[in-house]
Amino acid sequence: AKGLWDVNVADLRLFDNVVCVNAGENRLPLGSLAAFPALRELELPMNDVRDFELVSTSFPHLEILDLSYNQLTNVALVKLGTLPKLKQLNLSGNDLESLPTEMSRPVASERPE
């Protein structure tokens, strides 16, 4: 459905088996979709996403994220580094001239003691 711009976060939490959402060509905020508790794949192209807020518990299972053809900035991209399971990220069509240097730093992995 095109033209969606808001979601009821409490309602999304009820969909605890949803692992994939394709919400392209809307105006949905990225952060509110973190309410899907089991989400592993999120396609959000052409949503006019510019910036977003993520907390440490946002998208704990998300592995694939498509943010193509939005309006992302380097500041917003750095926030994606908090997604613990992210493996595939599509940023095509965001008119980025370079990636933030913070994205090239190695991240210490957690090792069992």
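## Strand pairing in the sheet

Valine 21 has leucine 42 as its bridge partner in strand S2, and three bridges in total join strand S1 to S2, which covers residues 41-43 and runs parallel to S1. The model is a predicted one, in which local features need pLDDT of at least 70 and side-chain atom pairs count only at pLDDT 80 or more, while totals for chains, interfaces and linings use all residues. Residues are numbered from 1 along each chain as its sequence is written, and side-chain values use heavy atoms, with hydrogens and water left out.

S1 and S2 belong to an open sheet of four strands, ordered S1-S2-S3-S4 and paired in parallel. Its edges are formed by strand S1 (20-22) and strand S4 (88-90), each of which pairs on one side only. Averaged over the sheet, and with direction ignored, neighbouring strands are turned by 5 degrees against each other. Here strands (E, at least two residues) and helices (H or I, at least four) are DSSP runs numbered from the N terminus, and two strands pair if DSSP finds at least two bridges between them. The angles rest on axes that are lines fitted to C-alpha atoms, for helices over the stretch in contact, and they run from 0 to 180 degrees between N-to-C directions. Strands of a sheet pair through backbone hydrogen bonds, either parallel or antiparallel.

## Lysine 79 and phenylalanine 52

Lysine 79 is part of helix H2, residues 74-79, and it lies over the face of phenylalanine 52, at 5.9 Å from the ring centre. A charge is taken to sit over a ring if NZ of Lys or CZ of Arg is within 6 Å of the ring centre and within 35 degrees of the ring normal.

The side chain of lysine 79 also reaches the backbone oxygen of phenylalanine 52, at 2.8 Å. Such a polar contact is a pair of N or O atoms within 3.5 Å, where within protein one must be able to donate a hydrogen and the other to accept it, and where residues adjacent in sequence count only if both atoms are side-chain atoms. With residues up to four places away in sequence not counted, lysine 79 touches Asp51, Phe52, Glu53 and Leu54, contact being defined as heavy atoms within 4.5 Å.

Phenylalanine 15 is placed in the loop between helix H1 (9-12) and S1, and its relative accessible area of 44% makes it partly exposed; the classes are buried under 20%, exposed over 50% and partly exposed in between, with a 1.4 Å probe and protein chains only. Leaving out residues up to four places away in sequence, phenylalanine 15 touches Phe36 and Pro37. The C-alpha atoms of phenylalanine 15 and phenylalanine 36 are separated by 6.4 Å, although the two are 21 residues apart along the chain.

Alanine 38 is found in the loop between S1 and S2 and counts as buried, because its relative accessibility is 18%. Apart from neighbours within four places in sequence, alanine 38 is in contact with Asp16, Val18, Val19 and His61. Alanine 38 and glutamate 53, by contrast, are 15 residues apart in sequence and 19 Å apart in space, C-alpha to C-alpha.

## The segment after S4

Asparagine 94 lies in the segment after S4 and is buried, with a relative accessible area of 5%. A polar atom of its side chain lies 2.9 Å from the backbone oxygen of leucine 67, and a polar atom of that side chain lies 3.4 Å from the backbone nitrogen of glutamine 71. Not counting residues up to four places away in sequence, asparagine 94 touches Leu67, Ser68, Tyr69, Asn70, Gln71 and Leu72.

Aspartate 95 is also placed in the segment after S4, but it counts as exposed, at 72% relative accessibility. The C-alpha atoms of aspartate 95 and phenylalanine 15, 80 residues apart along the chain, are separated by 34 Å.

## Positive phi values

Most residues other than glycine have a negative phi, and most peptide bonds are trans. Aspartate 95 is not a glycine, yet it has a positive phi of about 55 degrees. Glutamate 25, in the loop between S1 and S2, has a positive phi near 60 degrees and is partly exposed, with a relative accessible area of 36%.
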